[in-house]
Amino acid sequence: MLLENGSVKGAVVVLPDGTRGIIKAHTIVDSTGNSEIIQAAGAPVTFINSDELAVQGCGWAINSLGNSYQNSDLFFVNDMDPTDLTYTFRRVNASLSSTTWDVGRNPASRERHRVKGAFTINPIDILNARTYDDTIVVSRSDFDTHGFTIDDVFFLYNPGKGVAINANVPFRALLPEMLNGVLVTGLGVSAHRDSMPILRMQPDVQNQGYAAGYAAAMAANAGINVRDINIEDLQAHLVSKGILTQQQADSTESFPVSAQAVSNAVLNLSGSYATLPAILADTNIAIPLLNSQMESTTDQEKKIASAAVLGLLGQESAGDVLSATISGMGVWDTGWNYKGMGQFGRSVSTLDGYIIGAGRTGNRNARSAIQEKAELLSKESTFSHQRSVSLSLENLGAYTSVQSLSGLLEELRDYSVAPDSPPQAIYAYSNTEADKERNFCLKELTIARALYRLGDNENSSAKAVLEAYANDPRGLYATYARSVLAEGNALVFAESTWVGADEHAYWDETANWSSDLITFGQALVTNDLAFTQTIDLDGTSAQLESLLIDGAHRIFTNGVIRFSGYNSTIDVASALSVLFEASLECGNTLKKTGSGTLVFSGGIDLEHLAIVGGTVEFNVPKDESQNIGLLSGNISGTPVVISVEGGDLFVSGIEGDFIKTGSGNMVLSCPDESDDPAVSGHIRVAEGVFKISGTTSIVQGDVPCPSFESSPLLPSTPVSSMDKRGTAATGCAGWTFVNGNRFAGYQRNGSYFSSNNATLAPDGVQTAMIGRKGSMFCTFTVPEEVSYTLYFLSNSRHYGGTWYLNEPLDITVDDEFIGRVTVDSKEWVENALEIGVLTPGEHTLHFQGDGGDSSDPCALIDMVRVEGTGLSGSVENLISDDLRITISGDSAVELDYSGQLTIGRLTLDGQVYTSGTFDAASHPDIFTGTGKIVVKPQLTLFIVK
């Protein structure tokens, strides 16, 4: 492909005689079905990965005399794999009957490589009839899946058979995420693979192609990027052709759905899961409603349905209900075996859906409940049952299931094909016979993947299966197996007891453990010692689910301890302490249990620290800042001591009762627009500073005509009319150009100033230019009093094979010099100059050339912008009014935000306030910063002592 500045400009072609050439185009429509053009251009696509081998089945037409129609589903095929295609074609020929007259030249595949686009159409969009303001096609089909689905909604919801579904297709789903100059249609459109059964029908694909072709023509005729065409004009044309109705063209964005719609969907949830698509449209709203409903309802069907949805969403709260439900169902229900032709709707059973959800909750009871069902499986059990168990046990890290999975895999072995085997004929060229083959291959691969990721058995059976499939001539099986092997197997959960007795002991010395060195699981450091023991990680990392400390004080040093799994815990026994000089990481909730003390003095990277007992201290180095997401504590009404001895401890939420000690800063910095802030309880600041910080945001200044796209644009030809200078340059409203001893103004691509591709405008088709001592200036405005930075792109002039380099530009704002930029590049580069704090309103920006008289330097300028960094305008949504803070001694509160924070009660120096406004002006000895605290009468207490 021919690429210029991130745009596709043409294709390199090779003729049969070997002649090579380039076909150029303004805009290209990729209707290969495999996104082949954008792949060649380097744009990302999606097809299959190591998650699940889910791909719609493929047919291959055979022509018998007198038969004008052929539709089949016999294989899994990767259209872009020549080896796969060749082997499949050989299988087709090996399967032909005596009445076969000919075969098709290409496979009839239904799923191929899809572009990662500016927008991805998901099943939730389709099932909620989502509308867009740039709809170009309305696809229609029943849910003809030709295989099994992977999107969460279909583990519980059944779209049924013979029910036609409409799907609006927005223009942006045809656009690659980054690559310009190209549109993608058909099976290559940007969509979740479970959306494709609705989108891939031939009339709709043809309409996509027509819309894309017309859009490309619009862009070429206007000389603009196809992303920038007038969508309404395109839609009007599609209406005139009957591709859209006027109502469809006039549709607007229907997402996000309303909170009321989600609430109603939760309220009406039942065992049919008819309202599930609406629930999944906004899970942030749905999750607390589902939890409340699960806990309070006496309707058992509604309770189980709520738990099933929460399980799919990974909510630990649903674990007990789902585990009890799975155990209570006893035997397996009716499952689903792989079926390609004529497969509609859901491809799992009710129990399968519960098991998949339970596997995501991290609930330990779920392990035993699912294990019970796993023990009932055999070779003849349906694929959906084997799939649900495998996915769940893998998610749970259920290492205890290795033995049962290993036994099942032994029954399912040897469905792979050796690479040198002759092509296998499909009996009677039957879809049903092909389904049998794929069913057993999918079972074998699914069990093998789960067993491999759980650590495999002693014979490495799972690895052997995957390696066999990795060399299978059936290309998709091989690709899938290789991707699983490439990721490596999971760490095996184990329990081991630390027996190291040296004062300075090393973690990775096997002699220090009662069994083999633990690689993942639970470590019990419990041996009694009379001294504080240092456990040296020796520069390596250790991965654990839980760490139990007893017997002596311990120091972990020189490395990283990573906690993962669903029960990440550090337990410190009474009267003991553990010090982490080593770094500590946890991507989920890390629970601190036990009544002992946990001290951090190394790096901290935690999503959520839940303090269930004891004391936690942070001895943070002065030159480092430590980050924790949510900080929560619950110790039977007793406050948790948080000791910050230095530096800054950042948290994004607080739940519980805490005492903050130490001279360091504890900083609460929440997201600006949190609708349900995780901030409650009581903070007692005994020492140091408690800082409440609004988050920063980008403040945009308003620069006129920032890309110098004049109105009207300069003509594209001839060269002499492609620039405007000095007093004639009036088309870029807001800018004034002064020639000086040479020139200043604006020009269009291809003029005397930009005859080289490297000088073409990075945005639009025009740029400003300044030569020698020319200048240009404008008035811009800013909305807030914050610190601003000037950004602009610059390049040198090129004409007649010569670059005119080294033009100095002196830049001022309000006559204050902010910097000099010497433009000497032969490509577009971005410049950034700090302006400083500006007051709201108008300001003057001036570019002054300073080139010498004896040479002819020139600078091209484009995409001028002024951006500031400010605090969020208000923190009313950041902190709930039930947070209480107590300030004592010489400690202080910094209100580092703009706006007003409303709370329930405030106590200063022992004085309780139930109303009033408090800030740095009213109490400068306690408060600093620009924020205000307003105490709202008769609401939750906010104490500052």
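Which helix gives the largest share of the lining of the largest cavity? I found that helix 2 does, with four residues.

The model is predicted, so I kept its conditions in mind: local features need pLDDT of at least 70, side-chain atom pairs count only at pLDDT 80 or more, and totals for chains, interfaces and linings use all residues. Residues are numbered from 1 along each chain as its sequence is written, and side-chain values use heavy atoms, with hydrogens and water left out.

Entry on the largest cavity. A cavity is a set of points on a 1 Å grid over the protein atoms alone where a 1.4 Å probe fits but cannot get out, and lining residues have an atom within 4 Å of a point. I noted about 90 Å³ of space in the largest one. Its lining includes D84, Y87, T88 and R91, and also E437 and R438. By class I counted six nonpolar, one polar and five charged residues.

Entry on the second largest cavity. I read about 70 Å³ here. Helix 17 gives the most to this lining, with four residues, and L442, L445, T446 and R449 are among the lining residues.

Entry on the cores. A nonpolar core is a set of buried (under 20% relative accessible area, 1.4 Å probe, protein chains only) Ala, Val, Leu, Ile, Met, Phe, Trp, Tyr and Cys residues joined through side-chain atoms within 4.5 Å. The largest has 118 residues, and its largest share, nine residues, comes from helix 17 (residues 431-453). Apart from it I found another core of 65 residues, L547 and I933 among them.

Notes: Buried < 20%, exposed > 50% of the residue type's maximum accessible area, 1.4 Å probe, protein only. Helix = DSSP H or I, 4+ residues; strand = E, 2+ residues; numbered from the N terminus. 1 Å grid on protein atoms, 1.4 Å probe; cavity = no way out; pocket = protein on both sides within 12 Å on 5 of 7 lines; lining within 4 Å. Points joined across faces, edges and corners; volume = space filled by probe spheres on them. Nonpolar A, V, L, I, M, F, W, Y, C, P; charged D, E, K, R; others polar.
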